[in-house]
Amino acid sequence: MAGSPQGGAGHIALVDVNNFYVSCERVFDPRLEGRPVVVLSNNDGCVVARSAEAKALGVKTGAPWFQVQAQAKAWGLVARSSNYELYGDMSARVMEVVGRFGAWQEVYSIDESFVGLMGDAGALAESGRQIRAAVDRHVGVPVCVGVAGTKTLAKFANRIAKQNPALGGVCALDAMPAGHVDAVQSRVPASGLWGVGGRTAERLKLLGIESIADLKAADPAMIRKKFSVVLQRTVLELNGTECIPHAEERVDKQQIMFSRSFSTPVTTVEGMESVMAVYAQRGASRLNQEGLRASAMTVTAGTSRFAAGEGSFPAVTLRFAAPTQDPIVLIRAAVAAIRQSAVPGASYLRAGVMFSGLEPVAGQDVLEVFDTAGSQPGVGDVLGEVRGKFGSLAIGLGIGGLAEPPSWSMKREHSSPRYTTEWAELPVVRA
């Protein structure tokens, strides 16, 4: 990621995948093209992503699936369970392709990336078209590209690209007539701007600031006094002054958490022990991937807050004698913690493990060779290497090594295969 917005890259492109989760599903199942599709949350609870066709039917984000399901067949609506393994891998592929075109790149979210571009208005628009074509060719998902002089304006340009089909998915603000840009900004409410929430927009209305054009014309000093320096930066960025810097590498993570809800309640202490064995192992895998070890671990679980009778919400924090990423140590500690705190007969619906006090694994401490706590140096490395070569289900410790998921595992009745990350689920082409 060479350079920065302040380092002479000239312009900023915001590349955003259209309907990302749905688009990932369509890459490997072309039958979904043109059909209304929704992607569901954990345990198939509610709608978290919608295709344009599903939006046209009036399906809302956050709508409970059991309500939408009643009309699904009549509408021809297709549902998919969240396939985060697939979405994460597809995101990495998109970002790698997008990064080829910029002097610098900042991955903003799973489906968005800022990229620094050089050139005049015509060249910037052509670069946007090249990015769009390259992602379509190499990954297969559609993107829209907005190009402008600041991040705020690039976000706004991306919005125009999405809402105006005549632009072919690319909008370079400098290539548009100034009067046209002003007209669009006068029609779009301030709440349609990146970083301006509904409450802020309501407060702005009290000052007579309703549209993006109104906010652009506002006095930056007054905005800072009545709102915040963040909104002041937005005003300055609307006027072409870069105020939101390129984010360099993130600071070290302070916490890593693995938390899930169950598809069916777990009512025994033994069952919760098996849950913690799986979750601690998966959390240890995350530590290993990040090259980190934890000084402390918090184990949590909970029943429904709306269930009859007294609820149970155990939370136990353990501090290790020395920071560790050893899955055996972590599993033993998590199982012991839940064994002491879980209530027999309680109907637990969720659980989690959180690792804190993180530090890089710089090498084995001298005193670790004398550790008698049962630690097995290198176990995490071995597990990670085997999973990397043969898939996440290839190996595990205890119940975490069982190929068949336990009954309490997350509900995913409409899940598609993990086409790109599991050998057994690779797509097969037959001639």
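# Close-up views of a predicted model

**View 1. Contact of helix H6 with helix H11.** Lys 151, Thr 152 and Leu 153 of H6 meet Thr 234, Glu 237 and Leu 238 of H11, a contact being heavy atoms within 4.5 Å. By class, this contact holds two nonpolar, two polar and two charged residues. Here Ala, Val, Leu, Ile, Met, Phe, Trp, Tyr, Cys and Pro count as nonpolar, Asp, Glu, Lys and Arg as charged, and the others, Gly among them, as polar. This is a predicted model: local features need pLDDT of at least 70, side-chain atom pairs count only at pLDDT 80 or more, and totals for chains, interfaces and linings use all residues. Residues are numbered from 1 along each chain as its sequence is written, and side-chain values use heavy atoms, with hydrogens and water left out. Helices (H or I, at least four residues) and strands (E, at least two) are DSSP runs, numbered from the N terminus.

**View 2. Crossing of H6 and H11.** The axes of H6 (residues 151-163) and H11 (residues 229-238) come within 7 Å and cross at roughly 70°. Axes are lines fitted to C-alpha atoms, for helices over the stretch in contact, and angles run from 0 to 180 degrees between N-to-C directions. H6 and H11 are therefore roughly perpendicular to each other; angles under 35 degrees count as roughly parallel, over 145 as roughly antiparallel, 65 to 115 as roughly perpendicular and the rest as oblique.

**View 3. Val 181 and the buried face of helix H7.** Val 181 belongs to H7 (residues 178-187). Its relative accessibility is 10%, so Val 181 counts as buried; buried means under 20% relative accessible area, exposed over 50%, partly exposed in between (1.4 Å probe, protein chains only). Leaving out residues up to four places away in sequence, Val 181 touches Phe 156, Leu 173 and Met 176. From C-alpha to C-alpha, Val 181 and Ile 160 are 9.6 Å apart in space, and they are 21 residues apart in sequence. In H7, Val 181, Val 184 and Gln 185 are buried. Seen down the axis of H7, the buried residues fall within an arc of 100°, so they line one face of the helix; the arc is that of the directions from the helix axis to the C-beta atoms. The cover over the buried residues of H7 includes H6 and helix H9 (212-217).

**View 4. The five-stranded sheet.** Five strands form an open sheet in the order E5-E6-E1-E7-E8, with mixed pairing. Two strands pair if DSSP finds at least two bridges between them. Strands E5 (105-109) and E8 (170-172) stand at the edges, each with a single partner strand, so one side of each has no neighbour in the sheet. On average, neighbouring strands of this sheet are turned by 15° against each other, direction ignored. E7 (residues 143-148) and E8 run parallel and are joined by three bridges; Val 145 has Val 170 in E8 as its bridge partner. Helix H4 (residues 84-99) packs on the sheet and touches E1 (11-17), E5 and E6 (112-117), and its direction makes about 150° with that of E5.

View 5. Four bridges join E2 (residues 37-40) to E4, and the two run parallel; Val 39 stands opposite Arg 80 in E4.
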